[in-house]
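Colleague: I have a model open and would like to go through it with you. Can we start with the ligand?
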Amino acid sequence: MSTLLSVGSSELAPIAERCMPFTSSVQSNIKRQVQNFWENSPCDSWFTNEPPGTPAFYRSLDEHRYKVHSRLQSAVGFERTTGLRVLEIGCGCGSEAERFARASAHYTAVDLTNAALSITKRRFQLEGLDGRFIQGDAENLPFANNSFDLVYSHGVLHHTPDTARAIREVHRVLSPGGRAVIMLYYRDSFNYQVNLRLVRRFRAYLLKTELGIKLARKIGHEQMAELQRHKELIRQDPDYLDMQHMLNRNTDGPDNPLSQAFSKASAHRMFCQYTNVKTEVMFWNPNWLPGVGKLLPRSIEDRLASYWGWHLWIYAQKRRLEFAHPVRLQRMAASGVNAQVRSEALVA
Ligand SMILES: C[S@@+](CC[C@H](N)C(=O)[O-])C[C@H]1O[C@@H](n2cnc3c(N)ncnc32)[C@H](O)[C@@H]1O
């Protein structure tokens with residue numbers, strides 16, 4: 001079993017208050033944990049039993065992904081990316097990567113891990129597609145200013161300690177008029193406000209006994225191994241119920257070291273350098289309403305997803321007038337946008 005630690009409020013609070021740079025030992029330690037975690041479990045790979053790297057593996061992952069995230073493809077709009085220089089930050093197993101390449105975009109992936117890059121590279125080899133694959137950090141993108149027309153990132157930047165910095169990096173590498181399409185976890189969602197704050201905390205009491213584990217499995221349809229791991233963590237960690245730990249451990253697996261969730265207001269603050277900033281909320285999991293969730297008609301599920309869903313999509317554009325940037329940057333620094341955003345994102 002993994003020995004990774006979940007990053008709790010006590011480690012995160014000093015970062016938020018002091019606005020330490022990435023080079024600080026605390027931030028690099030968190031980043032190392034994030035990298036180790038994703039290196040050992042490339043995103044989504046757990047949704048299929050097909051042998052990794054085979055055509056059947058990619059096919060079954062994509063089938064699952066676009067069934068569960070039914071609005072994802074139209075939200076990205078692959079058909080409008082022909083000929084564009086597209087950067088994807090955090091490519092996972094390459095589902096969107098393939099679609100960008102098929103739309104004849106000039107595709108580049110950057111990811112903290114070799115695991116995600118190799119699994120996506122393999123997909124491109126099988127399909128005879130062209131792309132660039134670069135290991136790197138969203139907070140220090142290894143690209144020159146103005147290099148891309150579109151930067152896309154789905155479910156990645158909430159796992160890096162300094163999300164606001166990564167969003168400034170996205171702005172730097174976009175060419176004037178270029179667009180960013182970014183998905184972050186949504187703080188004002190049912191999942192955060194009800195499921196994690198209340199249901200999952202109550203579940204922690206159930207998981208202390210074998211009978212409780214069986215009951216939780218029946219209600220929540222979760223893997224036995226995951227529930228057993230939660231049981232172990234509940235025993236080991238006196239701060240298990242700390243909200244930051246709840247968020248880390250109940251979003252991408254019990255050993256996920258760091259997740260953050262953002263409100264629309266904090267997203268707008270982080271994107272204040274950009275223009276045409278729009279947000280949209282998506283993704284509803286029927287298991288959040290045990291018993292009734294799977295009986296709801298599609299129209300109700302869609303409504304729940306758009307008000308109270310878990311995914312906050314942010315669409316934004318880099319201004320065409322370059323000379324405005326230094327002034328806006330100075331304003332941002334003066335208003336302490338980092339501290340404001342972080343103190344909300346990193347849960348006390
Ligand atoms: C939850 S997965 C998302 C993958 C994919 N976008 C998807 O939707 O399936 C998170 C990915 O983000 C990457 N990641 C986390 N922090 C990063 C950082 N600072 N820079 C680059 N990639 C990062 C991880 O390595 C991992 O591959």
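Colleague: Which residues come nearest to the ligand?

Modeller: W38, C43, G90, G92 and A138 come nearest, of the 21 residues around the ligand. A residue is near a molecule if its C-beta atom, placed from the backbone, lies within 6 Å of it. Helices (H or I, at least four residues) and strands (E, at least two) are DSSP runs, numbered from the N terminus.

Colleague: What should I know about the model and its numbering?

Modeller: This is a predicted model: local features need pLDDT of at least 70, side-chain atom pairs count only at pLDDT 80 or more, and totals for chains, interfaces and linings use all residues. Residues are numbered from 1 along each chain as its sequence is written.

Colleague: Back to the ligand. How many residues of the shell are nonpolar, polar and charged?

Modeller: The shell around the ligand has nine nonpolar, seven polar and five charged residues. Ala, Val, Leu, Ile, Met, Phe, Trp, Tyr, Cys and Pro count as nonpolar, Asp, Glu, Lys and Arg as charged, and the others, Gly among them, as polar.

Colleague: Now the whole chain. How many helices and strands?

Modeller: The chain has 15 helices and seven strands. Of its 348 residues, 40% are buried. Buried means 20 or more other C-beta atoms within 10 Å of the residue's own, exposed means 12 or fewer, and partly exposed is in between, with C-beta atoms placed from the backbone.

Colleague: Which residues touch the most others in the largest nonpolar core?

Modeller: V86, V151, L184, L312 and I314 do, out of 66 residues in that core. Strand β5 (residues 174-185) gives the most to this core, six residues. A nonpolar core is a set of buried Ala, Val, Leu, Ile, Met, Phe, Trp, Tyr and Cys residues joined through C-beta atoms within 7 Å.

Colleague: And what does I314 touch?

Modeller: Not counting residues up to four places away in sequence, I314 touches I182, L184, A267, F271, V277 and T279. Contact means that the C-beta atoms of two residues, placed from the backbone, lie within 7 Å.

Colleague: Why is β4 largely enclosed?

Modeller: Strand β4 (residues 148-154) is largely enclosed by the rest of the structure because six of its seven residues are buried.

Colleague: Which strands does β4 pair with?

Modeller: β4 pairs with β1 (residues 85-89) in the parallel sense over three bridges, and six bridges join β4 to β5, also parallel. Strands pair if DSSP finds at least two bridges between them. Y152 in β4 is the bridge partner of E88, while V151 stands opposite A180 in β5.

Colleague: Last one. Is K208 buried or exposed?

Modeller: K208 counts as exposed, with 12 C-beta neighbours inside 10 Å. K208 lies in the loop between α8 (190-206) and α9 (210-220). Leaving aside neighbours within four places in sequence, K208 is in contact with K231 and I234.

Colleague: Where does I234 lie?

Modeller: I234 lies in helix α10 (residues 224-236). I234 is partly exposed, with 18 other C-beta atoms within 10 Å. The C-alpha atoms of K208 and I234 are separated by 7.5 Å, and the two residues are 26 apart along the chain.
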